[in-house]
Amino acid sequence: MKPIIKVENLSKQYRLGARKKRHSTLLDSLAAGFRAPFANFKNRARNDKNIFWALKDVSFEVMSGEVVGIIGRNGAGKSTLLKILSRITRPTAGEITLRGRVESLLEVGTGFHSELTGRENIFLNGAILGMRREEIARKFDEIVSFAEVEKFLDTPVKHYSSGMYVRLAFAVAAHLEPEILIVDEVLAVGDIEFQNKCLGKMDEVSKSGRTILFVSHQMGTIAQLCQRTILLERGAVAMNDKTSVVIEHYVNQNKTKDAFYAANEAAANREMYVESAAILNEDGGGQSSFRHDERVRVNIKCRTPRMFRGVELRMVVKDGRNITVFTADAELVSLRQNTEAFEVDFTIPAVTLRPNAYSLTFALFVPHQDIIELIEDVVHFSVFDSGTKYAQSEGLDYGLVFSPCETSVKTIA
Amino acid sequence: MAKEIEGTAEITRIKPGKSWLNFDLKDFWHYRELIYFLVWRDIKVRYKQTAIGIVWALLQPVLTTAIFTVIFTQFARFDSLDVPYPLFALSGLLIWIFVNSSITMAGNSLINNSNLVTKVYFPRLIVPISATLGGLVDFAFGFLILLGLMFYYGVSLSPQILLAPVFVGLAVLLAVSCGTFFATLNVRFRDVKYTLPFALQIWMFVSPIFYPSGVLSEKWRILLTLNPLTGILEGFRASLFGTAFDWFSIAISVGLTLLTASVALLVFTRMEDDFADFI
């Protein structure tokens with residue numbers, strides 16, 4: 001039997017910086033507009049530095065009736081793969097052969113219009129997803145009862161609660177009947193009850209012999225639905241095996257946490273970004289484990305083609321239970337307007353953090369206006385007790401920080 | 001994307017490489033109902049939450065006709081008119097308003113529907129086409145007013161009116177083509193959004209909408225004929241009012257319209273695979 005999905009040496013290249021090009025005058029833009037179809041060709045060969053491979057030589061096969069999970073960190077190429085499989089964008093090299101009608105759900109409620117009623121949106125969304133009008137009409141009642149929106153069918157969806165909106169959107173999508181279904185993370189919506197209902201529906205779809213490719217960050221869902229899972233890393237297939245084996249590998253790999261962060265190539269496309277963040281000891285060497293009475297230095301390097309007025313760099317320190325311990329901000333007012341790169345040092349004083357594991361989140365933002373960059377939980381370090389009296393009863397909750405609380409003891413006469 | 005049938009399964013091959021004309025007619029046919037739904041959405045949404053709804057579509061041509069009528073019958077006068085001036089102006093304006101608004105809508109359609117373009121597959125050409133067709137509803141309502149006005153002025157219909165749909169069809173094809181072409185450019189160069197209103201305004205002045213081409217000298221009239229709208233406007237009027245057709249300018253219009261359509265289709269099919277990456 002031939003595989004229903006066959007992906008051979010699939011690669012996708014993006015040219016960075018292409019979007020940033022601005023044309024200063026009308027004449028430029030017109031000229032560039034007419035040249036554009038031909039200009040591509042030359043650019044491609046020239047700027048090797050700006051080339052970023054979102055996918056590189058990806059090959060795999062899926063047999064009819066299989067439910068296959070796709071996992072990987074952000075930027076591993078999952079979305080790009082789905083976009084190519086869904087024919088939204090073309091690969092740069094390689095080939096895919098699909099033997100059956102494909103529907104993809106990269107988002108629920110694509111094309112929903114807030115001014116239209118629930119009834120109208122069911123038809124519109126169905127048509128956008130490739131359903132025929134009579135097919136939608138036939139399934140209409142089923143869709144409505146699945147979404148539990150009977151009473152609000154003739155209300156514009158702008159008056160819907162977000163829960164109702166998502167339920168209706170998913171209900172339309174869930175009633176597609178393709179041979180191959182490609183799903184991206186859309187189950188992470190709605191309340192728990194509805195999520196279970198969606199999972200049940202997916203399970204039902206897969207049992208009816210259809211083939212599903214399913215991308216998710218939720219390992220539990222993947223484990224529940226997929227027999228086989230593909231792990232993508234930096235645009236390549238790192239593992240392609242039984243779900244339990246792949247998930248175990250992936251979870252363990254994520255445990256080795258870095259005390260250093262470096263932006264990936266895609267970041268260079270942004271207007272201002274954190275290029276690297278490192279946790280250093282007093283001597284400036286990299287370190288990831290600190291005594292409670294050591295100072296922890298955090299060094300952040302940023303790049304920007306132009307400074308934003310009023311921008312600040314924020315560091316959020318979270319502990320192992322994901323509780324925010326404190327936040328520190330650096331105002332960047334002292335930097336000149338033409339600064340292209342700058343670094344910020346935060347030093348956490350000794351005897352501040354309790355023994356625990358910590359992660360750092362960084363944000364470049366303009367207060368009350370704009371978040372330019374947000375990178376969450378990117379560097380990790382731990383603090384251990386090198387001999388306080390608390391060490392003897394480790395595990396008890398002594399609070400988040402050592403506080404320099406002043407204490408005075410007196411006998412009352 | 002080549003499709004073939006092997007056994008019962010429909011096979012889709014996704015490959016890199018662009019060609020100048022990879023238009024998949026079968027695929028387009030499968031999605032034909034989407035055109036209807038998008039047109040229907042645009043019309044519904046356009047007049048939702050407006051107090052007078054579709055009347056807006058009539059106000060623009062009617063008021064503009066009234067203003068032109070005052071100007072060109074009170075302050076200036078055209079001698080070579082075969083019909084009362086309001087009829088002349090309204091017939092031209094209906095075509096122009098349709099062409100103008102369709103090109104504007106279609107030219108911005110891919111960007112306005114970027115949420116669809118980046119999330120779902122369907123033949124992209126559906127987007128500018130449906131944006132254009134939405135304007136036809138407004139045109140139809142305006143046409144009813146024109147018929148009423150013709151009745152009022154006692155202009156009798158001749159069998160030539162059967163040719164009117166041909167000229168409306170040409171106007172649609174011209175609008176779809178220009179709209180599609182600008183929509184394609186607009187994906188990469190947002191300058192189009194700002195250039196378009198300006199270009200359309202110039203186009204209006206060099207088209208015989210509120211003046212007959214007869215007022216121009218021979219030299220300028222030939223230049224005017226090179227405007228694809230000239231033949232369409234004059235042909236539309238001739239078919240409505242039963243006057244003589246200028247086959248020369250109509251032939252030029254047909255030729256230019258077909259040329260525009262071919263160029264637009266070529267450019268569009270060449271670029272459409274990259275839309276999601278650039279929009």
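Helices here are DSSP runs of H or I with at least four residues, strands are runs of E with at least two, and both are numbered from the N terminus.

A word on the basis of all this. The model is predicted, so to speak of a local feature takes a pLDDT of at least 70 and side-chain atom pairs count only at pLDDT 80 or more, while totals for chains, interfaces and linings use all residues. Residues are numbered from 1 along each chain as its sequence is written, with chains lettered from A and ligands numbered from 1 in the order in which they are written.

Chain A comes to eight helices and 18 strands. The domain assignment, which is automatic or taken from a database, gives domain 1 (5-22 + 49-255) and domain 2 (260-387). Taken over C-alpha atoms, the centres of the two lie 34 Å apart. Of contacts (C-beta atoms, placed from the backbone, within 7 Å) between residues at least 6 apart in sequence, 71% join residues at least 24 apart.

Of the 413 residues in chain A, 32% are buried, that is, have 20 or more other C-beta atoms within 10 Å of their own, with C-beta atoms placed from the backbone. Helix 3 of chain A is largely enclosed by the rest of the structure, because ten of its eleven residues are buried. Among them are A:Ile122, A:Phe123 and A:Leu124, along with A:Glu120 and A:Asn121.

As for the interface, 41 residues of chain A are in contact with 35 residues of chain B. On the chain A side, helix 1 (26-46), helix 2 (78-85), strand 4 (93-99) and helix 3 (118-128) each supply at least two residues. That side divides into 19 nonpolar residues (Ala, Val, Leu, Ile, Met, Phe, Trp, Tyr, Cys and Pro), ten charged (Asp, Glu, Lys and Arg) and twelve polar (the others, Gly among them).

Confidence is given by pLDDT, the predictor's score for each residue from 0 to 100. Chain A averages 82, and 87% of its residues score at least 70. Over residues 18-24 of chain A pLDDT stays under 50, and the model has four contacts beyond four places in sequence for them. Residues 41-46 of chain A are also below 50, with one contact beyond near neighbours in sequence. Where pLDDT is low, the predicted coordinates should not be read in detail.

Note on methods
A residue is buried if 20 or more other C-beta atoms lie within 10 Å of its own, exposed if 12 or fewer, and partly exposed in between; C-beta atoms are placed from the backbone. Two residues are in contact if their C-beta atoms, placed from the backbone, lie within 7 Å.
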